[in-house]
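Subject: Structure handover

Hello,

Here is the structure I promised to pass on. Please open it alongside this note.

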Amino acid sequence: MTRPAPRTAGGRTRRRKGEELMVPRAEFRSYYGQPVIKAPSWAARDIAGYFFLGGLAGAGSVLAAGAQLTGRTTLATSLKVSSLAAVSLSAAALINDLGRPARFTHMLRVLKPTSPMSVGSWLLGGYGPMAGAAALCAVTGRLPRAGAAATAAAAALGPAVATYTAVLAADTAVPAWHGAHRELPYLFAASATAAAAGMALVVAPPRESAPARCAAVLAAVADATATRAAERRLGMVAETYREGRAGRLLRCAEVLLGGGAATAALAGNRSRTAAIAAGLALLAGSACTRFGVFAAGLASARDPAYTVLPQRAAMGLPPAE
C-alpha cells in the first residue's frame with residue numbers, strides 16, 4: 001500500500017509521479033440525499049411573472065417620462081397605460097402567491113430598510129398610485145400639472161421597481177441567485193428596459209419610437225453581458241444557467257432579444273409590421289430572461305452539489321472528507 005499522497009495548501013491531493021490511487025475519488029452526497037437548503041416555494045407563474053411585469057412597469061414609466069418631455073404624446077400615453085396595467089397584474093400575481101390580499105397589506109405596517117421584501121412592498125405601494133394617476137390624467141386630458149407630477153414621481157420610482165426583485169432574489173440562500181448578487185440587478189435592469197422598449201415599439205408609431213429602438217439595442221447588449229458576467233462569477237453553479245429548463249429559456253432570451261433589437265434598428269423606423277414584430281420579440285425575450293433566472297435558482301437549490309461544493313472549494317477543501 002502506498003503512502004498517503006501529500007496535500008497542497010488548498011487541501012487537494014497531489015499525486016507523486018508514477019503513483020496510483022488505492023481508492024476511488026470521493027463523491028459528495030448530502031444527508032440522506034436531501035437538499036441542503038429548502039428550495040423556494042414560489043410558483044413560477046406568479047413570482048417569475050411578478051418579476052417580469054414589475055420590470056415592464058418600472059422601465060415603462062421612465063420611457064414614458066422621456067417621451068412626454070420630448071413631445072411624443074402617443075408613446076407617452078401608451079406607456080403610461082401599459083405601466084399601470086403591468087403593475088396591477090404584478091401586484092395581483094404577488095397577492096395570488098401570498099394566498100390572501102391581507103398578507104400584502106400586513107407588510108405595509110412596518111418599513112424595514114434591511115428587508116428587500118418590506119422595501120419592495122412600500123415601493124409598489126408608492127409607485128402604483130403614481131402610475132395610475134399619470135395614466136388617468138393622460139387618457140382623460142384633465143389635470144395636466146398633476147399628471148406631469150405623477151409621471152415624474154413614477155419615473156423616479158421606476159428604476160427601483162424594475163430592479164428591487166433582483167435584490168430580493170439575491171438576498172436568499174439560493175446559490176444561482178445569491179452567487180450572482182452583483183450582476184443580477186444589472187441583468188434585471190437590462191431585461192426591464194428590453195420589455196419597455198418592446199412595448200413602445202408595439203404601441204407607438206415608428207415616427208415616435210426612435211428612443212425605444214436605441215434602448216432595445218442597448219438592453220440586448222447589456223442583457224447578454226450581464227448574463228455572461230454572472231456565469232463567470234458563479235463557477236460550477238453556472239451550469240444551472242446553461243442546462244435544463246433554465247438553459248433553454250435563457251438561450252431563447254438571447255435569440256429573441258438579439259433578433260428583436262436587430263429588427264428594430266434595421267427596419268423598425270420604416271415598417272410598422274417590423275416594429276411590432278421586434279417589439280413582441282423583445283417582450284418575449286425579457287420574459288424568458290426572468291423565467292430562466294427563476295428556473296436556474298430552483299435547480300441550484302434542489303441539487304445539494306451546487307450548495308456545498310462551491311463553499312468547500314472557496315475554503316480550499318476537497319469535495320468530500
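Start at Thr-289. Leaving aside its neighbours within four places in sequence, Thr-289 is in contact with Leu-187, Ser-191, Asp-223, Leu-250, Ala-253 and Leu-257. Thr-289 sits in helix α11, which covers residues 272-302. Its relative accessibility is 1%, so Thr-289 counts as buried. Glu-254 is another residue to look at here. Thr-289 and Glu-254 are 35 residues apart in sequence, yet their C-alpha atoms are 8.3 Å apart.

Before going further, note that this is a predicted model.

**Overall picture**

The protein chain has 321 residues, and 46% of them count as buried. Its secondary structure comes to 12 helices and 0 strands. Take the contacts between residues at least 6 apart in sequence: 73% of them join residues at least 24 apart.

**Confidence**

The average pLDDT of the protein chain is 82. A score of at least 70 is reached by 81% of the residues. Confidence is highest in α7, at a mean of 94. It is lowest in helix α12, residues 305-314, at a mean of 53. Two stretches need care. Over residues 6-14 the pLDDT is below 50, and this stretch has 14 contacts in the model beyond near neighbours in sequence. Over residues 312-321 the pLDDT is also below 50. That stretch, too, has 14 contacts beyond near neighbours in sequence. Where pLDDT is low, the predicted coordinates should not be read in detail.

**Helix α5 and its two partners**

Look next at helix α5, residues 144-170.

Take α1 to begin with. This helix spans residues 44-69. The axes of α1 and α5 come within 7 Å and cross at roughly 145 degrees. The crossing is left-handed. From α1, the residues in contact include Gly-54, Gly-55, Gly-58, Ala-59 and Val-62. From α5, they include Ala-154, Ala-155, Gly-158, Pro-159 and Ala-162. By class, the contact of α1 with α5 has 12 nonpolar, 8 polar and no charged residues.

Now α7, residues 184-203. The axes of α5 and α7 come within 8 Å, and they cross at roughly 145 degrees. Here the crossing is right-handed. On the α5 side, Ala-162, Thr-163, Thr-165, Ala-166, Ala-169 and Ala-170 take part. They meet Leu-184, Pro-185, Phe-188, Ala-189 and Ala-192 in α7. By class, this contact of α5 with α7 has 9 nonpolar, 2 polar and no charged residues.

**Either side of α5**

What is the phi of Leu-143? It is positive, at about 50 degrees, although Leu-143 is not a glycine. Most residues other than glycine have a negative phi. Leu-143 lies in the loop between α4 (116-140) and α5. At 59% relative accessibility, Leu-143 counts as exposed.

Val-174 is in the loop between α5 and α6 (175-178). Is Val-174 buried or exposed? It counts as buried, because its relative accessibility is 3%. Val-174 and Leu-298 are 124 residues apart in sequence and 7.6 Å apart in space, C-alpha to C-alpha.

One more residue, this time in α4: Gly-125 is placed in that helix. At 36% relative accessibility, Gly-125 counts as partly exposed.

**Cysteines**

How many disulfides does the structure hold? The count is 0. Cys-252 is in no disulfide, and the nearest cysteine sulfur is that of Cys-288, 5.4 Å away. The cut-off for a disulfide is within 2.5 Å. Cys-252 is partly exposed, with a relative accessible area of 40%. Cys-288, in contrast, is buried, with a relative accessible area of 14%.

**Where to look**

For a quick tour, begin with Thr-289 and its contacts, among them Leu-187 and Asp-223. Finish at Cys-252 and Cys-288.

Best wishes

Notes: Residues numbered from 1 in each chain as written. Predicted model: local features only at pLDDT ≥ 70, side-chain atom pairs only at ≥ 80, totals over all residues. Heavy atoms only, no water. Axes fitted to C-alpha atoms, helices over the stretch in contact; angles between N-to-C directions. Helix = DSSP H or I, 4+ residues; strand = E, 2+ residues; numbered from the N terminus. Left-handed = near helix turned anticlockwise from the far one by under 90°. Contact = heavy atoms within 4.5 Å. Nonpolar A, V, L, I, M, F, W, Y, C, P; charged D, E, K, R; others polar. Buried < 20%, exposed > 50% of the residue type's maximum accessible area, 1.4 Å probe, protein only. pLDDT = per-residue confidence, 0-100.
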